[in-house]
Amino acid sequence: MNPFLADSIGVGVLCSDHRRLRLTGAGSTCAGRLELYYHGSWGTVCNDFWDLLDDNVVCRQLGCGDALQDKPLGYCGGGRGPIWLDEVRCSGNESYLWECPSAPLGEHDCSHKEDVTVKCSEHKEMRLVNGEHRCEGRVEVRYNGTWGTVCYEKLHRKEAEVICKQVKCGPLKSYFGAWKYGAGSGPIWLDEMECNSHESTLWQCQSDPWGKHNC
C-alpha cells in the first residue's frame, strides 16, 4: 500500500475549459473593456449584436449591480490577444456570459476596435471640479450612475492625501472646505471617512455607508 494514500483526503483538478471574466482599463473592477479568460489566455469580446441585455449579464456575473448605458464606444481602448466571443445574444436571464448564444469560441470577423466595454452601477469614479485645472477643486464621486459630493466635516490631511493619489495628481498641497470651490449638488455620497493614507482609493477607507451622512 502506498503510504501517501493514507494522508490523501481529496483530489484537485484544473480543466482546460476554465473561464473567467474581468473588466479592465477604467480603474475599476466594475467598468472597462470586457475580457474573457479561456484556454490559458485573456482575450476580448466583439460588439457585434451586443446590447444592454448582454451588459446586464456581465454586471450580474461580476457582482457589480446593473448595467449603465452612458459609456462612449471604445472608451477603454482596444485590447490585445485573441477575440474569444462574437455575435453574443443574451436574453438577460443567464447567470454566465458563456450561457448566452454566440458564435463558437474563437470564431469572429472583428478587430480590437470593436471590443466590448461595460459600465455597471457599482462602478465608482472621482473628479475635482471648479478649480483652475483637473488637480484642483471640489471633490465629487460617481456612484450608482450619479455624481455627488463628499462631506468635509471630518475630512483631514490623510483623506486628502488619498484623494490626490487617486486622481493621480501628486502629493497633497492643501485642502479646503466647500467655501473655496462652491457647494455641489446631488447626493452626498461619503461622510465620516477615516484613512491611513496608504489606501489607493477613497472608498477603501473606513466610512459610513454610501449615501448616509449628517451634512
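User: What makes cysteine 30 and cysteine 64 a disulfide?

Analyst: The structure is a predicted model, in which local features need pLDDT of at least 70 and side-chain atom pairs count only at pLDDT 80 or more, whereas totals for chains, interfaces and linings use all residues. Residues are numbered from 1 along each chain as its sequence is written, and side-chain values use heavy atoms, with hydrogens and water left out. A disulfide is defined as a pair of cysteine sulfur atoms within 2.5 Å. The sulfur atoms of cysteine 30 and cysteine 64 are 2.1 Å apart, S to S, and a disulfide joins them. By this rule the count comes to 7 disulfides.

User: Why is the disulfide of cysteine 30 and cysteine 64 called left-handed?

Analyst: The torsion about its S-S bond is about -75°, so the disulfide is left-handed. The pair links distant parts of the chain, 34 residues apart: cysteine 30 is in the loop between strand S1 (20-28) and strand S2 (31-38), and cysteine 64 is in the loop between helix H1 (52-61) and strand S4 (83-85). Helices (H or I, at least four residues) and strands (E, at least two) are DSSP runs, numbered from the N terminus.

User: How do you know whether cysteine 30 is buried or exposed?

Analyst: Buried means under 20% relative accessible area, exposed means over 50%, and partly exposed lies in between (1.4 Å probe, protein chains only). Cysteine 30 has a relative accessible area of 8%, so cysteine 30 is buried. Cysteine 64 has 2%, and therefore cysteine 64 is buried.

User: What makes cysteine 59 and cysteine 120 a disulfide?

Analyst: Their sulfur atoms are 2.0 Å apart, and the two cysteines form a disulfide. The torsion about the S-S bond of cysteine 59 and cysteine 120 is about -90°, so this disulfide is left-handed. Cysteine 59 lies in helix H1 and cysteine 120 in the loop between strand S5 (117-119) and strand S6 (125-130), so the pair ties together parts that are 61 residues apart in sequence. Both cysteine 59 and cysteine 120 are buried.

User: Why is cysteine 215 called partly exposed?

Analyst: The relative accessibility of cysteine 215 is 41%, so cysteine 215 counts as partly exposed. Its partner, cysteine 151, is joined to cysteine 215 by a disulfide with S to S 1.9 Å. Cysteine 151 has 8% relative accessibility and therefore counts as buried. The torsion about the S-S bond of cysteine 151 and cysteine 215 is about -100°, so the disulfide is left-handed. Cysteine 151 lies in the loop between strand S8 (146-150) and helix H2 (157-166) and cysteine 215 in the segment after strand S9 (188-190), so the pair ties together parts that are 64 residues apart in sequence.

User: What makes up the lining of the largest pocket?

Analyst: A pocket is found on a 1 Å grid over the protein atoms alone, as an open set of points where a 1.4 Å probe fits, with protein on both sides within 12 Å along at least five of seven lines; lining residues have an atom within 4 Å of a point. The volume of the largest pocket is about 700 Å³, a volume being the space filled by probe spheres set on the points, which are joined across faces, edges and corners. The largest pocket is lined by 33 residues, and the closest to its centre are Gly137, Arg138, Val139, Phe176 and Tyr181. By class, the lining has 21 nonpolar, 8 polar and 4 charged residues. Ala, Val, Leu, Ile, Met, Phe, Trp, Tyr, Cys and Pro count as nonpolar, Asp, Glu, Lys and Arg as charged, and the others, Gly among them, as polar.

User: Which element gives the most to the lining of the second largest pocket?

Analyst: S1 gives the most, with 3 residues. The second largest pocket holds about 420 Å³ of space, and its lining has 5 nonpolar, 6 polar and 5 charged residues.

User: Why is tryptophan 179 called exposed?

Analyst: The relative accessibility of tryptophan 179 is 67%, so tryptophan 179 counts as exposed. Tryptophan 179 lies in helix H3.
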